[in-house]
Amino acid sequence: MALPPAVAACRRAVRRSLAGLEPADRVLVACSGGADSLALLAATVHEAHRIEVLVLGATVDHGLQDGSAGRADLVVAQMARLGADETASARVRVEGAGQGPEAAARQARYAVLEELAGRAGARRVLLGHTLDDQAETVLLGLARGSGGRSIAGMRPAYGVFVRPLLDVTRAETEAACRAEDIAWWDDPHNEDPRFTRSRVRHVVLPVLERELGPGVAQTLARTAAMLRPDMEALDRMAAVAHDALDGSDGLPLGALHDLDEAVASRVLRLAALAAGAVDADLFHVHVRALVDLAAGDISGQVQLPGHVTAVREAGHLRFRPTTVES
Ligand SMILES: Nc1ncnc2c1ncn2[C@@H]1O[C@H](COP(=O)(O)OP(=O)(O)OP(=O)(O)O)[C@@H](O)[C@H]1O
C-alpha cells in the first residue's frame, strides 16, 4: 500500500536531519504530546531504526497547567508505544527572571533537553516546529519590529538542536498522525485568543490567506529560509569583528565606524550580551539606540534589559551595570 503523503513528507524531512549519524548513535526527540512532535517521533523512529540509530523520547513538564504531570505520563506512554528505545520525563521549575512565563518555560525546556541529551549521549535534539510555526514567527517578528533576526525565522539547526519539520505544515503533521492512528493533545494555550501567537494563527494568517491567496504561510517560511544564510554570514562577520574590538576598555568608536552598519549593529548587540544584557529581551529598538549612541546621534546613556547601561565616553562605547538610585 502506498505510504500516505503526509507520513512520507515527515519521514523525508527527518531523513535529511539524521544525515551523518552512525549505527548506535542516539537522537533525542522532544515531545509535547502535540501532533507536530508525535508525527516527528513516529517518523524519527522509522528513519533512525533503518540506520540503527537509537531514539530517546523526552517530555518536559513545566507544572504550569493543572494536570500537567498526568499528561507527561501519557506522553511517556505514547512515546513508548511509538517505538522510542528509551523515554524520559523531566520536571522543571520555571523562574521568570524579568521575562514572561512562556519565555521562561521555553528557556528552561531547552536547557533541560540539552542536559538530558548530554546525559544520554544523544548527538541531536529534534524539535517539532512546523512551517506554520515558522510563518507565525516571521509575521510576529515583522509586526513587532524585531529586525532581521526574527524575520529570518527559527534556525533549522543550532548547537545540538535540529528542526526537521520546518518545511512540513501543521496540517500535514496532523494528517500523518491520523494516518498512523496516533492520538495527540492540543495545548489549550494555542487556542487562547489572549496570546498573540494564537491570534496570528487563528485570525491573522487565515485573513491573509483569504485576501492574498493561499500559500501565504509557505511564502513567509520561504522568505525566512532565503534570508537565513545572509543573516548567518553577517553574524559570522560580526563575531569576528566583536572578538577583535571588544576589550576591557569597551568598543573603540573609530573602529566601529569603519564597519558596515549591518556588521556594526551586530557587534553592538554582541557587546551588550557579553556585558550581561538579556538575549530574549534585547530587541531591535535597543540595538537601534546603541547604533545611534555610537554614532553620536543621541547623547547620554542607553538602558538595556538585564540592568546594563551603555555610555559613550573617551572615544569608546562602554557597558556597565545599571546603578539604581536609592
Ligand atoms: N513540554 C515539552 N516537552 C518536550 N518538548 C516540547 C515541549 N513543548 C514543546 N516541545 C518541543 O518544541 C516543539 C515546538 O513546540 P511549541 O511550538 O509548543 O513550542 P515553542 O515554540 O518552543 O514555545 P511556545 O509555543 O511556548 O512559544 C514541539 O514540537 C516539541 O518538539
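Student: How far does α4 reach from its first C-alpha to its last?

Tutor: This is a predicted model, in which local features need pLDDT of at least 70, side-chain atom pairs count only at pLDDT 80 or more, and totals for chains, interfaces and linings use all residues. Residues are numbered from 1 along each chain as its sequence is written. Helices (H or I, at least four residues) and strands (E, at least two) are DSSP runs, numbered from the N terminus, and the expected span of a helix is 1.5 Å times one less than its number of residues. With 20 residues, α4 is expected to span 28 Å at 1.5 Å a residue, and its reach is close to this value, namely 28 Å.

Student: Which residues of α4 are buried?

Tutor: A residue is buried if 20 or more other C-beta atoms lie within 10 Å of its own, exposed if 12 or fewer, and partly exposed in between, with C-beta atoms placed from the backbone. The cover over the buried residues of α4 includes β1 (26-30), β2 and β4 (122-126). The buried residues themselves are Ala104, Arg109, Leu113 and Ala117.

Student: Which residue just after α4 takes a positive phi?

Tutor: Most residues other than glycine have a negative phi, and most peptide bonds are trans. Just after α4, a positive phi of about 70° belongs to Gly121.

Student: Which element supplies the largest share of the shell around the ligand?

Tutor: The ligand is surrounded by 15 residues, and the closest are Ala30, Ser32, Ser37, Val60 and Gly128; here a residue is near a molecule or strand if its C-beta atom, placed from the backbone, lies within 6 Å of it. At least two residues of this shell come from each of α2 (35-50), β2 (54-61) and α4 (101-120). The largest share, three residues, is supplied by α4.

Student: How many residues of the shell around the ligand are charged?

Tutor: Ala, Val, Leu, Ile, Met, Phe, Trp, Tyr, Cys and Pro count as nonpolar, Asp, Glu, Lys and Arg as charged, and the others, Gly among them, as polar. Under this scheme the shell has four nonpolar and six polar residues, and the number of charged ones is five.

Student: Is Ser37 buried or exposed?

Tutor: UniProt, in an unreviewed entry, lists Ser37 under "binding site", along with Ser32, Gly33, Gly34, Ala35 and Asp36; UniProt positions are given in the numbering used here, feature names are shortened, and annotations may be inferred rather than shown by experiment. Ser37 is found in helix α2. Since two residues are in contact if their C-beta atoms, placed from the backbone, lie within 7 Å, Ser37 touches Ala30, Cys31, Ser32 and Gly128, leaving aside residues up to four places away in sequence. Ser37 has 27 C-beta neighbours inside 10 Å, so it counts as buried.

Student: How does Gly33 count, with its C-beta neighbours inside 10 Å?

Tutor: Gly33 is found in the loop between β1 and α2. Residues that Gly33 touches include Arg71, Trp184 and Trp185. Because Gly33 has 19 C-beta neighbours inside 10 Å, it counts as partly exposed.

Student: What distance separates the centres of domain 1 and domain 2?

Tutor: The protein is divided into domain 1 (5-212) and domain 2 (246-321), with bounds that come from an automatic or database domain assignment. Taken over C-alpha atoms, the separation of the two centres is 34 Å.

Student: Is Ala314 buried or exposed?

Tutor: Ala314 has its place in the loop between β9 and β10 (316-321). Its phi is near 45°, a positive value in a residue other than glycine. Ala314 has 10 C-beta neighbours inside 10 Å, so it counts as exposed.

Student: Where does Asp181 lie?

Tutor: Asp181 has a positive phi of about 60° although it is not a glycine. With 6 C-beta neighbours inside 10 Å, Asp181 counts as exposed. Its place is the loop between α7 (170-179) and α8 (196-212).
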